[in-house]
Amino acid sequence: MTLTFGTAGVRAPLGPGPDRMNDRTVTLVATALARYLREREPSGSTVIVGGDARHGSARFVDVAAAVLAAEGLVVVVPGAPVPTPVVAAAVRARGAVAGLMVTASHNPATDNGMKVFGRGGAQIVPPTDTGIERHLRAAAREGVAAPAARGTGVRVDPTLVDDYVASVIAGLPSPARPPRVALTPVHGVGGEICRRVLAGIGVRDVTMVGDQAAPDPDFPTVDSPNPERAATTARLLRLAEEIDADVAIALDPDADRCAVGFRAPGGRWRMLDGDDTGAVLADHLLREPLPGSAGPGGAGVAPVVASTIVSSRLPSLLVPARGGRHVETLTGFKWLVRAGEPLRYAYEEAIGHCVLPDVVADKDGISAAGAWCAMVGSGGPPVGARLDALAREFGAHLRRNEPLALGAGSDPSTALARAADRLSSTGTVTLLDGTPGFRVDVAGARAVVRPSGTEPLLKTYVEAWTPPDPSRADVHDAARRLDALAGAVAAATRP
């Protein structure tokens with residue numbers, strides 16, 4: 001079976017065969033994209049193609065570039081491994097009709113993939129994805145062959161990186177008190193470019209985790225290159241303690257996501273989850289807009305802050321209180337960056353942040369790292385105090401996001417329907433609008449359950465909250481509600 005083209009592209013293990021990443025499948029995807037563009041764009045239109053440092057990425061960039069050039073498109077490549085945000089930014093800045101990024105993000109070392117951006121540098125949405133999928137099936141039937149060489153229509157332009165760095169620096173403020181930073185790119189391609197951006201805003205005291213600083217497609221020091229996992233950021237937090245850092249930052253391997261750590265009260269370093277980071281950044285960016293965040297709109301137009309249906313409910317309280325308009329979207333930055341104008345900030349709970357939508361209309365870990373460092377160095381309250389202040393004003397929000405594995409051969413749709421039926425006696429069950437899944441609401445807590453698009457499991461997002469200015473008893477009660485609802489959801493998903 002040929003790889004299915006999703007709303008962002010394809011992702012699969014490397015290897016031979018029609019359902020793996022190899023020269024043939026890359027050729028098919030690039031052919032499908034080229035034919036789709038040829039139907040809609042004039043000959044000679046520009047497409048940006050880049051890749052990270054994973055196994056196969058350099059080869060796949062060459063294959064995809066040759067295919068697109070053979071179809072009459074002008075292909076611009078950076079000539080070296082780059083973060084995903086560089087490609088997204090270049091599509092927007094160079095007026096390209098599309099971008100193609102070879103990456104599997106934070107997947108295991110055995111995987112690779114391809115992500116597609118449309119005009120403006122945002123990830124594609126329907127009906128573009130279905131149009132490309134139609135051409136993909138046709139190309140597979142025809143048995144299109146991989147080109148032998150890159151071709152004459154491919155132009156190497158290393159200034160794509162320089163332009164990205166300059167644009168991000170221009171959009172960020174310089175902190176009054178530049179923080180000391182511990183940084184890890186987790187063996188990915190974002191380390192030196194992030195260091196350049198931070199230096200550009202005056203943050204020069206940056207130390208990288210030594211054995212994770214250089215790109216390495218085997219990710220040798222971690223079981224998973226996903227910075228959401230505690231084991232992945234353990235070296236980072238040790239470094240932050242050793243150098244007495246003010247900020248700890250972890251990028252994922254293609255640098256489109258960013259996790260941050262801070263010294264908690266009591267002196268212990270810990271990582272924030274995506275929702276805590278999102279709440280702190282939303283609060284700060286609504287109070288102190290970035291230089292590059294003006295956007296369209298005008299006087300009296302409320303800035304938009306967007307989060308998704310599986311993110312915390314806290315932004316729905318915080319954003320209106322700061323004069324903004326909160327918009328909740330389906331999961332994925334393809335929807336978040338289209339939430340409304342003027343978009344001030346968008347985030348997802350999986351540590352994705354868009355702080356400069358006029359530069360990168362997608363998640364960007366490097367600009368998010370810069371915005372976080374600028375905030376920490378602004379002279380305002382410490383991160384722990386910011387979190388405490390939000391809890392006093394809007395209540396404490398406790399979360400537990402867990403995947404629940406299904407039995408062998410289980411149908412996710414059947415499991416989802418069974419779980420919804422079982423939970424109807426626990427609370428109010430509402431089907432999600434526009435995507436498979438449901439939400440169950442009980443007094444002081446809620447859960448969202450949806451199927452994974454890539455694995456035989458259901459993803460669950462459970463949250464409970466307290467009244468404003470919570471007492472210890474309030475927090476204890478919220479924790480009890482969280483445990484009870486999480487347990488009910490887990491029981492409901494069992495065969």
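Two strands are taken to pair if DSSP finds at least two bridges between them, and helices (H or I, at least four residues) and strands (E, at least two) are DSSP runs, numbered from the N terminus. In S4, by this reading, Gly 99 is the bridge partner of Ile 48. The model is predicted, and local features need pLDDT of at least 70, side-chain atom pairs count only at pLDDT 80 or more, while totals for chains, interfaces and linings use all residues. Residues are numbered from 1 along each chain as its sequence is written, and side-chain values use heavy atoms, with hydrogens and water left out.

**The six-stranded sheet**

Six strands form an open sheet in the order S1-S5-S4-S2-S3-S6, and their pairing is mixed. Strand S1 (9–13) and strand S6 (154–156) each have a single partner strand and stand at the edges, so one side of each is left without a neighbour in the sheet. On average, neighbouring strands of this sheet are turned by 15° against each other, direction ignored, where axes are lines fitted to C-alpha atoms, for helices over the stretch in contact, and angles run from 0 to 180 degrees between N-to-C directions.

| Strands | Sense | Bridges |
|---|---|---|
| S2 (46–51) and S4 (98–102) | parallel | five |
| S1 and S5 | antiparallel | five |
| S4 and S5 | antiparallel | four |

In S5, Asp 111 stands opposite Pro 13, and Met 114 is the bridge partner of Val 102. Seven of the seven residues of strand S5 (residues 111–117) are buried (under 20% relative accessible area; exposed is over 50% and partly exposed in between, with a 1.4 Å probe and protein chains only), so S5 is largely enclosed by the rest of the structure. In a regular strand the side chains alternate between the two faces of the sheet. Here Asp 111, Gly 113, Lys 115 and Phe 117 point one way from S5, whereas Asn 112, Met 114 and Val 116 point the other way.

**The five-stranded sheet**

A further open sheet has five strands in the order S16-S20-S19-S18-S17, with antiparallel pairing. S17 is joined to strand S18 (residues 438–442) by four bridges, and Thr 428 stands opposite Asp 441 in S18.

**The second largest pocket**

A pocket is an open set of points, on a 1 Å grid over the protein atoms alone, with protein on both sides within 12 Å along at least five of seven lines, and lining residues have an atom within 4 Å of a point; a cavity is a set where a 1.4 Å probe fits but cannot get out. The second largest pocket has a volume of about 290 Å³, a volume being the space filled by probe spheres set on the points, which are joined across faces, edges and corners. Its lining has 19 residues, of which Asp 246, Arg 263, Val 376, Pro 382 and Val 383 are the closest to its centre. Strand S10 (258–263), helix H11 (365–376) and helix H12 (383–394) each supply at least two residues of this lining, and H12 gives the largest share, four residues.

**Ring contacts and a loop proline**

One aromatic pair is found in a search of the whole structure. The ring centres of Tyr 345 and Tyr 347 are 6.1 Å apart and the planes stand at 15°, so the pair is stacked; rings of Phe, Tyr and Trp (its six-membered ring) pair if their centres lie within 6.5 Å, and planes under 30 degrees apart count as stacked, over 60 as edge-to-face and the rest as tilted. Both Tyr 345 and Tyr 347 are buried.

Pro 303, in the loop between helix H8 (274–287) and strand S12 (304–308), is buried, with a relative accessible area of 12%.
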